[in-house]
Amino acid sequence: MKTTRLLSSAPIFWRSFRLATWLGWQIESNWADPFLFAIYSLIKPLSSAAILVIMYSVITQADFESPIFPYIYLGNAFYMYVGHVMTGISWAVIDDREHYKTMKYIYTAPVHFPSYLLGRGVARFIIASISVFVTILFGVLFLKISIDIDQVNWSFFLLTLFTGVMMLALMGLTLAGVMLLLVHHMFGVGEAVAGALYLFSGAIFPLEVLPAYLRPIGFLMPITYWLELLRRLLVGKVASSFPTLQSFSNSELYLILVALTFLFAIISILVFRACEHRARELGLIDTVTNY
Amino acid sequence: MNFAIQTNHLGRVYKIRGSKKSTAKQLVALQDVSLEVHQGELFGLLGPNGAGKTTLIKILTTLLAPTSGTALVCGYDVVKEAHKIRPIINMVSGGESSGYGLLTVRENLWMFAQFYGLSSKEANRRIAQLLEIVGLADRINTKSSDLSTGLRQKMNIVRGFLTDPQVLFLDEPTLGLDVGASRDVRRFIRQWLDEHPERTILLTTHYMAEAEELCDRVAIINKGRVLACDTPASLKYRLQREAIYHLEVSQVTSPYPQHLQSIHGVRKFGVKPRDGYAILDLILDRDETLAAVVNTLTENQVRIINLQKREPTLEDVFVDLVGKSMEEIERGTNGASHAES
């Protein structure tokens, strides 16, 4: 066997991201046969959308003409990204540590660890995108969600979507850092955080519904501006008729989103580094509890 | 002299939190460990479970930060230069079934090779070659979840060697393997180092025979401290002045071990219960002491089934240094103890 080291010229962070993306997709898509996986990918988002639609229908006596319906429906659809991307990245810590017991081999390999974790979230992003698309398509076809395809500024929409996904990935990295420090009680953390943020993001109701002292949490969260902008870009004035962010133009919303994403990027990197450093000090990186 | 590994007064203390702050405890896992492992050496860390072997490996592989002292791998500091160490090392831990079960053997190995920057072509060539050597070639396309524990362990051993590391850490690599597989793995380790004389292996084990068979030098470690470090031959030479006896005796409940302690000339002894009998290993100052031992056993109604004088082993070295056999320490018994002459 040659002893020559064949280190490729590819930067380590790209290599880590690319391989983690491949690994993440293998894990996400290979647990069932392709047909079952496809069915699951369709049924799951439609089931969760159906719950919301039924609840709405009961409460409003099936008033699907109200502007609140597309507001809720689209907010709920795009919020799937929050759960999938954010918890997908952080879940990689649990998966590698507890399930596959490979964390120590990954961590001691020449891997750029944050890039690796972000890569592991890509598969969940793809699955979330399918779910969001299916949910919105269902809304357009069967629930009178009116999207004028010719009127939508698609480049701005895609830019907003991309910025938001970056923001969610960075929030996921923060959560992954926290996961490194948790041992026994980490399994429900991702879902708990995503669930808590649901209330403060304006996904299914305007922030005005919240008590005044809780509203600042929503205004500080980039998810709020991201969801608002995505909805406005798809259904225009229907979404902007709600008072929460009415005074902001689309461009202003985007600038706020970018600024908050940038702020979260700095916080995420600092928090992740601090957590990783602390986890190494405490000897928690590869802790397996079989909990 | 080039050192692959150097540690200087290395220490690691774990803080274990109790239910209240006041009940927090400290567990000393490593204490004042100073070692130098030469490039090209197969260096063994020999000690019972909980001796600190894995803690030392975790520090050297950058998984864990030390709480005191320093450690260098190929001249790089494990705390400040972890990113320079990781591309040139690899590790394998025994007794576990790690690996991505949804991936095949080839995919698992290919992915790790890619992390280390190997080209796909070179990775596939090495994978095929190494799997052939360890007898796993026919399972290359088997999902690793379908492998037995032993075969998965072999896959992990291949993963460790695949990247041709400058320093390879093997933490109990034969733990959980059957006799035949353990022998194959030991032969492969020795063969690899013979073919790559510039590479270094740090191997931890609690199997005396494994350390004796494989290692150029051995450090005996217990309770986080290195008690001795030398070649197996030199360690055993220390005991060649003494008389070492191996007895098989009937298993009795009488407190004869306490009586043995009081015999002048009994340096150390260890008792290992077996099915229906017990093994008594004795280190005596001189052969004449044996008569007093036999008398004591007879007085305690202990029947001697077999008695033989033998050459010292690393097990005897361990008993001499620690005062108990490794088996006794792992069982947590206090049956044998120190009898100072």
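**Exercise 1. The contact of chain A with chain B**

How many residues does the contact take from chain A, and how many from chain B?

*Solution.* The model is predicted, so that local features need pLDDT of at least 70 and side-chain atom pairs count only at pLDDT 80 or more, while totals for chains, interfaces and linings use all residues. Residues are numbered from 1 along each chain as its sequence is written, and chains are lettered from A, with ligands numbered from 1, in the order in which they are written.

Step 1: two residues are in contact if their C-beta atoms, placed from the backbone, lie within 7 Å, and on this basis chain A gives 27 residues and chain B gives 29 residues.

Step 2: on the side of chain A that touches chain B, at least two residues each come from α1 (12-29), α4 (103-107) and α11 (250-282) of chain A, and α1(A) gives the most, with 5 residues. Helices (H or I, at least four residues) and strands (E, at least two) are DSSP runs, numbered from the N terminus.

Step 3: by class, this side of chain A has 14 nonpolar, 7 polar and 6 charged residues, where Ala, Val, Leu, Ile, Met, Phe, Trp, Tyr, Cys and Pro count as nonpolar, Asp, Glu, Lys and Arg as charged, and the others, Gly among them, as polar.

**Exercise 2. Two helices of chain B**

Describe how α3(B) and α5(B) pack, and name the residues that meet.

*Solution.* Step 1: helix α3 (residues 105-115) and helix α5 (residues 149-162) of chain B have axes 10 Å apart, at an angle of about 25 degrees. Axes are lines fitted to C-alpha atoms, for helices over the stretch in contact, and angles run from 0 to 180 degrees between N-to-C directions.

Step 1: α3(B) and α5(B) are therefore roughly parallel to each other, given that angles under 35 degrees count as roughly parallel, over 145 as roughly antiparallel, 65 to 115 as roughly perpendicular and the rest as oblique.

Step 2: B:V105, B:N108, B:L109, B:F112 and B:A113 of α3(B) meet B:M155, B:V158, B:R159 and B:L162 of α5(B), and the residues of this contact divide into 7 nonpolar, 1 polar and 1 charged.

**Exercise 3. The domains of chain B**

State the domain bounds of chain B and the separation of the domain centres.

*Solution.* Step 1: domain 1 covers 3-235 and domain 2 covers 238-331, with bounds that come from an automatic or database domain assignment.

Step 1: their centres, taken over C-alpha atoms, are separated by 34 Å.

Step 2: the contact takes 14 residues from domain 1 and 11 residues from domain 2 of chain B.
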